[in-house]
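Dear colleague,

Please find the structure below, handed over for your review. My notes on what was found in it follow directly after.

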Amino acid sequence: MAPEKDVVIVTGCGGMGIAIARRLGSGCHIVLADYSQNALARAVQALRDEGHRVEGVQTDVADISAVKRLALHAAGLGAIRVVAHTAGVAMNQAPPSRIYHVNLCGTANVIEAFYHLATVGTSLVAIASAAGHRIQGSLSPDFERHLATAPLQTLLQHPDFPPGVFDSETQRTDQRSRTSAYAISKRGNILRVQASAPLWARKGARINSVSPGVVQSFMMKEELEGPAAPMLRDSIDRTPAGRMGTTADIANAVAFLCSKDAVFATGGDLLVDGGLTALNVWGNGGLESSYRSNI
């Protein structure tokens, strides 16, 4: 049988991943990847029931060998058009070490594995987070360069990582440590994408990231029932857009970055957070007084 013309790979079968697969997968061969075999089977069946051509590949993105197998399998089906990397763990789902391995190393693994199989027109979009913007300027330049460019085998080796974070016997699992691990990982995603863009461009391929704010999903529902709930609810209440984001909001942003309308966009991060980062930077004031004086 002839290979499919276009292949769309989506890592992570959560709300964002499924929304992206639906938004971009029509007429393509969809390859879903997830750590959970049960979640993967449910997602594959749901999309098949809707008429999509889809298959699932159980993958731990923290394992570079597994990601390489996923990439090779996808490339054997046809031309890789889109890689949407949504796989990750939230602050309340894992200890800091696992957050770093999945969110930071997992993204670096996906970028590297698919780089070798990208062709002209391939577009990779990694889901980062507004949390990565929140800590902008707080990490040392050397640490940021490390997060952006360190080889996979040494990515988790830097003195600026919190002491004991990778030591199973002394590892801290308090909420502050989890929150820090999540933010540093997502900052690393943004930087890794930016640093990778020139190499991808040489192949005629593009790579970008999307940084969501608080988005309604099953994962977020769990977070809102955990220890991070007060911080998240405060963020929701302060979001200038007046609501939480939806998975469709994120899928639309990813679709734009993968479209012909965005062929000049690479190495960038699209912030989709309802204005919360702008509020955190400028407060409620900003240009408000200037606007009022001109009314």
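Threonine 277 is buried, its relative accessible area being 14%; buried here means under 20% relative accessible area, exposed over 50%, and partly exposed in between, with a 1.4 Å probe and protein chains only. Please note that this is a predicted model, in which local features need pLDDT of at least 70 and side-chain atom pairs count only at pLDDT 80 or more, while totals for chains, interfaces and linings use all residues. Residues are numbered from 1 along each chain as its sequence is written, and side-chain values use heavy atoms, with hydrogens and water left out.

Threonine 277 lies in helix H11 (residues 276-282); helices (H or I, at least four residues) are DSSP runs, numbered from the N terminus. Leaving aside residues up to four places away in sequence, Threonine 277 touches Ala130, His133 and Leu271, a contact being heavy atoms within 4.5 Å.

Two helix pairs deserve a description. Helix H1 (residues 15-24) packs against helix H10 (residues 247-257) at an angle of about 50 degrees, and their axes are 8 Å apart. Axes are lines fitted to C-alpha atoms, for helices over the stretch in contact, and angles run from 0 to 180 degrees between N-to-C directions. H1 and H10 are therefore oblique to each other; angles under 35 degrees count as roughly parallel, over 145 as roughly antiparallel, 65 to 115 as roughly perpendicular and the rest as oblique. On the H1 side, the contact is made by Gly15, Met16, Ala19, Ile20, Arg23 and Leu24, and on the H10 side by Thr247, Ala248, Ile250, Ala251, Asn252, Val254 and Ala255.

Helix H3 (residues 64-75) and helix H4 (residues 96-115) pack at about 40 degrees, with axes 9 Å apart. H3 and H4 are therefore also oblique to each other. Ile64, Val67, Lys68, Leu70, Ala71 and Ala74 of H3 meet Asn109, Val110, Ala113 and Phe114 of H4.

Finally, the cysteines: the count of disulfides comes to 0, a disulfide being a pair of cysteine sulfur atoms within 2.5 Å. Cysteine 13 is in no disulfide, and the nearest cysteine sulfur, that of cysteine 28, is 17 Å away. Cysteine 13 counts as buried at 13% relative accessibility. Cysteine 105 is buried as well, with a relative accessible area of 9%.

Yours sincerely
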